[in-house]
Amino acid sequence: MFQRDPRAGVFLGGDRVSGQEIRDQNVTAALAISNIVKSSLGPLGLDKMLVDNIGEVTISNDGATILGLLHVEHPAGRIFVDLAQKQDKEVGDGTTSVVIIAAELLRRANDLVKLKIHPTTIITGYRLACKEACKFMMDQLSHKVDALGRETLINVAKTSMSSKILGSDDDFFAPMAVDAMLAVKTINQRGDIRYPVKAVNVLKAHGKSARESIYVKGYALNCTVASQAMKTRIPNAKIACLDIDFRRQRMHLGIQLQADDPEQLEGMRKRESEIVLERIRKILAAGANVVLTSKGIDDLCLKEFVEAGAMAVRRCRKEDLKRIAKATGGTMVSSLANLEGEETYEATNLGSADEVVQERISDDELILIKGTRTVNSSSIILRGANDYMLDEMERALHDSLSIIKRTLESGSVVPGGGAVETALNVYLENFATSLGSREQLAIAEFANALLVIPKTLAVNAAKDSTELVGKLRSCHYLSQTAPRGDPRKAGMRYGLDLLNGDIRDNVTAGILEPTMSKVKSLKSAYEAAVSLLRIDDAIAVAPEPKPETDEHGH
């Protein structure tokens with residue numbers, strides 16, 4: 001099959017799309033993906049229901065979750081899905097907006113290419129605009145957290161929750177998320193202060209309403225002690241995290257034992273039981289009084305633990321054990337064999353905590369590990385009506401926790417609700433006119449692309465977007481041109497108030513986001529748009545035709 005393109009020459013087979021056609025295709029794919037998540041942006045955004053191939057239902061309005069569940073064929077579309085995943089990993093929130101901005105940047109760049117402006121010029125202009133925007137955001141728009149106190153953190157958490165299922169209960173969940181995050185403050189070897197999101201364990205329990213969720217200091221495990229005869233409270237716990245089966249050791253397959261005397265059979269059986277008991281005694285001799293294992297423990301072994309006055313928990317989740325080992329300063333051990341081939345258990349593998357206690361919370365028994373030594377940990381037990389709700393609550397909480405972490409680590413916030421985008425739009429338009437080169441067209445388009453966020457926010461809130469965005473722009477324009485000391489300077493902090501369909505000072509209203517999240521999402525959106533804009537030719541090699549084989553050999 002010869003190519004329709006006469007320039008193809010020797011190029012046989014496969015498909016080649018080049019020039020404007022491939023750009024249009026990429027833009028169509030990008031817009032298709034951004035339109036999927038567009039209506040879920042903002043506090044009044046709507047949710048999406050996704051059903052996978054086995055009928056599992058997910059109801060969510062978290063951009064990364066929605067895009068992660070879609071099977072996207074188009075390579076340009078896949079770049080956008082990865083973009084949302086990356087934003088989710090690095091910042092934790094703002095996944096929807098980053099996709100919308102990137103698609104808009106790409107669409108506007110494509111319009112410029114149609115006006116005979118070279119892609120390289122557009123890329124240079126975009127790079128300049130992105131650099132200027134980040135600088136302006138850092139210098140002019142951001143506020144230090146220290147000056148604003150704990151209230152800021154709660155407001156940041158509320159802003160993150162506002163677009164999610166927890167939005168109606170943010171006055172309850174935001175302080176809870178902030179407390180949980182502040183409780184896990186650690187200082188690493190280099191002396192940096194870190195707030196690991198993973199140290200906050202989120203458990204889901206059916207029943208009751210969302211407002212009956214509880215915050216617990218300590219690491220909560222969704223397991224119970226293996227036997228009712230064990231102690232349910234152990235102070236000064238020494239914790240052994242194991243990945244070992246404590247059931248009677250049976251011989252592996254393929255191993256045969258031959259006995260001449262029936263009496264020896266009994267000895268074999270006895271030895272089978274002894275092997276496991278010896279292991280347990282070694283662990284207890286090392287000083288362990290709490291044993292957590294991811295496998296089973298049978299009755300024979302339980303007796304040993306009960307007599308020693310230790311607490312044993314079976315069938316814990318492996319990731320829980322890893323986190324507990326990290327938090328208590330222990331090591332997770334999956335085999336007792338050492339290099340000499342003997343079985344030993346070192347006391348250095350034990351983690352330590354102030355106390356391990358089994359408590360009844362609502363209908364479930366939980367094991368709480370309080371006062372872990374190396375990393376403080378805290379847990380949140382979510383309650384809710386059904387699984388879909390609990391899953392969505394967990395995602396919303398994860399986003400909020402990540403945002404609190406970013407705010408604490410970066411230490412500065414910007415007003416939300418479209419304030420940053422509008423301020424950058426006004427600033428970049430003025431900046432574009434000050435340039436005499438052809439890049440100014442690209443910068444002006446970059447500025448206009450940012451307006452897609454306030455516009456979408458207004459549309460999702462069923463308000464007149466043109467009028468609201470116009471008001472907001474005039475307010476920001478006045479604040480940027482006003483002399484120092486002018487009361488109009490406060491216009492910088494103005495953003496949309498979607499409930500009343502007006503504009504307001506979003507810093508006093510408590511609509512805040514970490515500066516880092518905005519900077520990262522702008523940079524990621526710029527990079528994704530540019531990487532697709534550079535493409536001017538796509539060659540898809542045709543798959544090799546498979547010879548038709550006849551199974552029956554006819």
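Phenylalanine 173 has a relative accessibility of 0% and is therefore classed as buried in this predicted model. The ring centres of phenylalanine 172 and phenylalanine 173 lie 5.1 Å apart, and their planes stand at 85°, so the two rings meet edge-to-face.

Across the whole structure, 5 aromatic pairs are found. Another of them joins phenylalanine 136 to tyrosine 427 in a stacked arrangement, with 4.1 Å from centre to centre and 10° between the planes. This pair connects distant parts of the chain: phenylalanine 136 belongs to helix H5 (residues 119–141) and tyrosine 427 to helix H12 (residues 419–433), a separation of 291 residues. With a relative accessible area of 8%, phenylalanine 136 is buried, whereas tyrosine 427 is partly exposed at 21% relative accessibility. The cut-off for burial is 20%, so tyrosine 427, at 21%, is counted as partly exposed. Phe136 and Tyr427 also belong to one aromatic cluster together with Phe431.

Helix H5 has a further partner in helix H16 (residues 515–533). Two packed helices are described by the angle between their axes and by the distance between those axes. For H5 and H16, the axes come within 10 Å and cross at roughly 180°. That angle makes H5 roughly antiparallel to H16, because angles over 145 degrees are classed in this way. On the H5 side, the contact is made by Pro119, Ile122, Ile123, Tyr126, Arg127, Cys130, Ala133, Cys134, Met137 and Met138. H16 contributes Thr515, Lys518, Val519, Leu522, Lys523, Tyr526, Val530 and Leu533. Sorted by class, the residues in the contact of H5 with H16 are 14 nonpolar, 1 polar and 3 charged. An α-helix has 3.6 residues a turn, so residues three or four places apart point the same way.

Arginine 108, located in helix H4 (residues 95–114), is in contact with Tyr126, Glu445, Asn448 and Ala449 when neighbours within four places in sequence are left aside. Arginine 108 has a relative accessible area of 15% and is thus buried.

Helix H13 (residues 439–450) contains leucine 441. Leucine 441 is partly exposed, its relative accessible area being 44%. Apart from residues up to four places away in sequence, leucine 441 touches Leu112 and Ile117. Leucine 441 and leucine 498 are separated by 57 residues in sequence and by 32 Å in space, from C-alpha to C-alpha.

Helix H8 (residues 262–285) can be considered in terms of its span, its buried residues and what covers them. H8 has 24 residues, and the distance from its first C-alpha to its last is 35 Å, close to the 34 Å expected at 1.5 Å a residue. The buried residues of H8 are Glu272, Ser273, Ile275, Val276, Leu277, Arg279, Ile280, Ile283 and Leu284. Their cover includes strand S10 (233–242), strand S11 (290–293) and helix H9 (299–308). After H8 comes glycine 287, which has a positive phi near 110°.

Technical notes
Residues are numbered from 1 along each chain as its sequence is written. This is a predicted model: local features need pLDDT of at least 70, side-chain atom pairs count only at pLDDT 80 or more; totals for chains, interfaces and linings use all residues. Side-chain values use heavy atoms; hydrogens and water are left out. Rings of Phe, Tyr and Trp (its six-membered ring) pair if their centres lie within 6.5 Å; planes under 30 degrees apart count as stacked, over 60 as edge-to-face and the rest as tilted. Helices (H or I, at least four residues) and strands (E, at least two) are DSSP runs, numbered from the N terminus. Buried means under 20% relative accessible area, exposed over 50%, partly exposed in between (1.4 Å probe, protein chains only). Axes are lines fitted to C-alpha atoms, for helices over the stretch in contact, and angles run from 0 to 180 degrees between N-to-C directions. Angles under 35 degrees count as roughly parallel, over 145 as roughly antiparallel, 65 to 115 as roughly perpendicular and the rest as oblique. Contact means heavy atoms within 4.5 Å. Ala, Val, Leu, Ile, Met, Phe, Trp, Tyr, Cys and Pro count as nonpolar, Asp, Glu, Lys and Arg as charged, and the others, Gly among them, as polar. The expected span of a helix is 1.5 Å times one less than its number of residues.
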